[in-house]
Amino acid sequence: MRAELSGRRLWLALTLCGAAAALGQAPFGWPLVALLVLAVGLGLALPAPTPRAGFWRGWGLALGYFLATLHWIVEPFLVDIARHGWMAPFALVLLAGGMALFWGVAMAAAVWLGRGAGLGLRVLALAATLPLAEMIRAVLFTGFPWGMVASFWIDTPVRMGAAWGGPYALVALTVLAAGGIAVLLFGQGARRWRGAAGPVLLLAVWVGGTASLPAESPVAPEGPVVRVVQPNAPQHQKWQPDMIPVFWRRKLELTGQPGTLTPDVVVWPEVTLPYLWGGETEGNAQIARAAGGAVTLVGAQRFEGSELRNAVGVLDGDGKPLAVYDKFHLVPFGEYFPGGALAARLGLAGLATDMLGGFTSGPGPQVLDLRGQGLGRVLPLICYEAIFPRHGFAPGPRADWIVQLTNDAWFGEFAGPQQHLAQARMRAVEQGVPLVRAANTGISAVIGPAGRMLAEIPLGVAGVIDVALPAPLPPTLYSRTGNWPVLIAALVLIAGLGLRRVRGA
């Protein structure tokens, strides 16, 4: 097949393979289909004659993948289409092209490391270089790890590999499995059967993950009951003056409606208070009355001096503030405009800001100690923060559960919110703790410590769910070691292949 494809036809085939590989991501969730087309893509890209050719082949494969995976990025620009709609296609193409650079570099490095060797050795090299490239993608220019191939496996037992080695280990596993299939399809001679090792390894992780899944998510009889409120306030209506009281009444009614379980804690979505945190006690009192004395976690805006913060506020049963957490990982071009003071002087602000201006980062990750209220320790994450594996770690004692407050109304009603949910589920698996997710328009959910969906509210629906929080699992291997084992293994493998390359073996 490679001999029949060259030039533009080869690049087009790679781009189409990349786009088809996006079927592994939500809302489709077809990981085995994605694995097969990714195998074809690797079989076409990795035999590149030079690292430069490898870069462009890898970039083309990744461009198709990220264009299809990140197509939802146009949605925020369509909320106010008259002002921002023209930016949508540029945002998608530039973002996808930028993300594809990391895959291109990883592919070029794999081609260089495997020069003079067969396809199998290049697959092995890519299993080291791509996880490293993804680690860099997660931190460079504040990072954007959305769309990692690790998310392919969220609805399969393979996701438990994230509890053992983290998401970058799943990236390496996916490369080895797809690359192994590529060797079987494209390899030459009897040695091509060595490619079976990749799919066999994937099967072993699948079987091991199945064995490690709890038969049922363990629910502690004394576990606190959480009520998640989803008001379903469309973004284009959320801050209209005549709609603010409508959504306020809806949130109070949902908070106070009778249920089969009595909530110990009520969770509202991101930036859901129509007033500034700390500036109105009557609103807090209304929330407390509606909650029937339960603790409430609410999304709010607040000022710290002259700095506007995106926050999670905690109210006790009387409506008095207990604690506050400020979002520290803000969305570039969404919650602030890069460039700081210069951007402000030019009047540049993010899409998700309002008349109060852009947000300022909080001090960092923080576990809130709510043991005095019978709620244990909770790690709050706001929206975008949940896509970063490293934000599942915070200083101090381990959290008993994670709470994510988000407003996915910006992302439309198709791929964006579902992919965001999948990444939040991965954080639960990695840390071995349950995760509570309150989303303005959906998908709100309670997720078990092994990544199972225990309850959810669909997109575009107003409602509540009441769930007794599962007990956390014992600390996972990944929660104890972080990314160090994968990083060290990748560097050692690259060093070994590099030494072979330099010696001309």
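Guide: Let's start with a term. A salt bridge is a side-chain nitrogen of Lys or Arg lying within 4 Å of a carboxyl oxygen of Asp or Glu. Keep in mind that we're looking at a predicted model.

Visitor: Okay, how many salt bridges turn up in the whole structure?

Guide: The general idea is that side chains of opposite charge can pair when their charged atoms come close. Here, a search of the whole structure gives 11 salt bridges. In one of them, Asp369 meets Arg371, with 2.7 Å from N to O.

Visitor: Is Arg309 buried or exposed?

Guide: For that you need a cut-off: a residue is buried under 20% relative accessible area and exposed over 50%, with partly exposed in between. Arg309 has 9% relative accessibility, so it counts as buried. Its salt-bridge partner is Glu307, at 2.9 Å from N to O. Glu307 has a relative accessible area of 33%, so that one is partly exposed.

Visitor: Which residues are linked with Glu307 and Arg309 in a network of salt bridges?

Guide: Arg302, Glu304 and Asp326 join them in that network. For another pair, look at Glu282 and Arg289, whose closest N and O atoms are 3.2 Å apart. Arg289 is exposed because its relative accessible area is 54%, while Glu282, at 41%, is partly exposed.

Visitor: Let's move on to strands. In what order do the six strands of the open sheet come?

Guide: Read across the sheet, strand by strand: β5-β4-β3-β2-β1-β12, with mixed pairing. The edges are β5 (321-326) and β12 (463-468), each of which pairs on one side only. From one strand to the next, the twist averages 30°. Now zoom in: β2 (residues 265-267) and β3 (residues 295-304) run parallel and are joined by three bridges. In one, Val266 has Thr296 of β3 as its bridge partner.

Visitor: Which strands does helix α13 lie across?

Guide: Helix α13 (residues 281-291) lies across β2, β3 and β4 (307-315), at about 165° to β3. Helix α12 (residues 244-256) lies across β1 (225-230), β2 and β12, at about 155° to β1.

Visitor: And the inside? Which residues have the most contacts in the largest nonpolar core?

Guide: In soluble globular proteins, nonpolar side chains tend to be buried together. The largest core here has 116 residues, and Leu42 and Leu126 have the most contacts inside it. Helix α6 (residues 88-113) gives the largest share, 13 residues. A second, separate core has 17 residues, including Leu254 and Trp268. Back to Leu126: among the residues it touches are Leu42, Leu46, Met107 and Val175.

Key: Residues numbered from 1 in each chain as written. Predicted model: local features only at pLDDT ≥ 70, side-chain atom pairs only at ≥ 80, totals over all residues. Heavy atoms only, no water. Core = buried A, V, L, I, M, F, W, Y, C linked by side-chain atoms within 4.5 Å. Buried < 20%, exposed > 50% of the residue type's maximum accessible area, 1.4 Å probe, protein only. Helix = DSSP H or I, 4+ residues; strand = E, 2+ residues; numbered from the N terminus. Contact = heavy atoms within 4.5 Å. Pairing = 2+ DSSP bridges. Axes fitted to C-alpha atoms, helices over the stretch in contact; angles between N-to-C directions. Lists of a residue's contacts leave out its neighbours within four places in sequence.
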